[in-house]
Amino acid sequence: MDSHGQDEQRVVWAVVGTDIGPLMLAATRDGLVNVVFHATDAVRDRAVERLADRLGCTPAEDPDSPLLAKAICQLRAYFAGERHDFDLPLDWSLISGFNRQVLRELAAGVPYGTVVGYGDLAGRVGQPGGAQAVGAAMGANPLPVVVPCHRVVESDGGIGGFGGGLETKRRLLALEGVLPEPLF
């Protein structure tokens, strides 16, 4: 509790090794708040600074935190091919408005092993013709993998962009059986 009797915001983070490289996971009391690709020391440090600025507190490294335990367990099961969806509390405080609406629809309406076009997803949230705005929402996704922006592709069959890099997107789609495994 702070001096006003309110619960202080607590943010914890940990880096987890995965088949697509190290992921930094951060959580608040409300749920998983951030997943960061390619979490080298420099990337992790920048992510911690951004979280501190956005959430108004200094995140603490705590890989044994109960706030992270379920997310770590579920991500490991996902990468092992044993889990097809995530059942985690999510803290949506890093995203708002249209972007949040699109990401919530993505999380709820595009299951494992399927893909959706940017334009199709725009239509689902009542914005036909909003494919570029959906692309921007995917780029702003603070919870990739768990909120599966890798499942959003171009309508002509192209893979589209991806904040974690196209090779990471290909590997996630291959894991879900959407693309063949790369030969090398």
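In the predicted model, His38 is partly exposed because its relative accessibility is 35%, a value that lies between the limits of under 20% for buried and over 50% for exposed residues. His38 is located in the loop that joins β3 (31–36) to α1 (41–55). Its phi angle is near 50 degrees, a positive value in a residue other than glycine.

A positive phi is also found at Val145, where the angle is about 75 degrees although the residue is not a glycine. Val145 belongs to the loop between α5 and β6. With a relative accessible area of 1%, Val145 is buried, whereas His38 counts as partly exposed.

Helix α5, which spans residues 131–139, contains the buried residues Val134, Ala137 and Met138. Viewed down the axis of α5, these buried residues fall within an arc of 100 degrees and therefore line one face of the helix. This arrangement can be read against the geometry of helices in general: an α-helix has 3.6 residues a turn, so residues three or four places apart point the same way. The other side of α5 carries Gln132 and Gly139, both of which are exposed. The packing partners of the buried residues of α5 are two helices, α3 (97–109) and α4 (118–124), together with strand β6 (152–153).

Val12 is situated in strand β1, which comprises residues 12–16. Its relative accessibility is 0%, and Val12 is therefore classed as buried. Beyond residues up to four places away in sequence, the contacts of Val12 are with Leu25, Ala26, Ala27, Ala60, Asp62, Ser65, Leu67 and Leu68.

The side chain of Glu176 reaches the backbone nitrogen of Gly113 at a distance of 3.1 Å.

Definitions and conventions. Residues are numbered from 1 along each chain as its sequence is written. This is a predicted model: local features need pLDDT of at least 70, side-chain atom pairs count only at pLDDT 80 or more; totals for chains, interfaces and linings use all residues. Side-chain values use heavy atoms; hydrogens and water are left out. Buried means under 20% relative accessible area, exposed over 50%, partly exposed in between (1.4 Å probe, protein chains only). Helices (H or I, at least four residues) and strands (E, at least two) are DSSP runs, numbered from the N terminus. The arc is that of the directions from the helix axis to the C-beta atoms. Contact means heavy atoms within 4.5 Å. A polar contact is a pair of N or O atoms within 3.5 Å; within protein, one must be able to donate a hydrogen and the other to accept it, and residues adjacent in sequence count only if both atoms are side-chain atoms.
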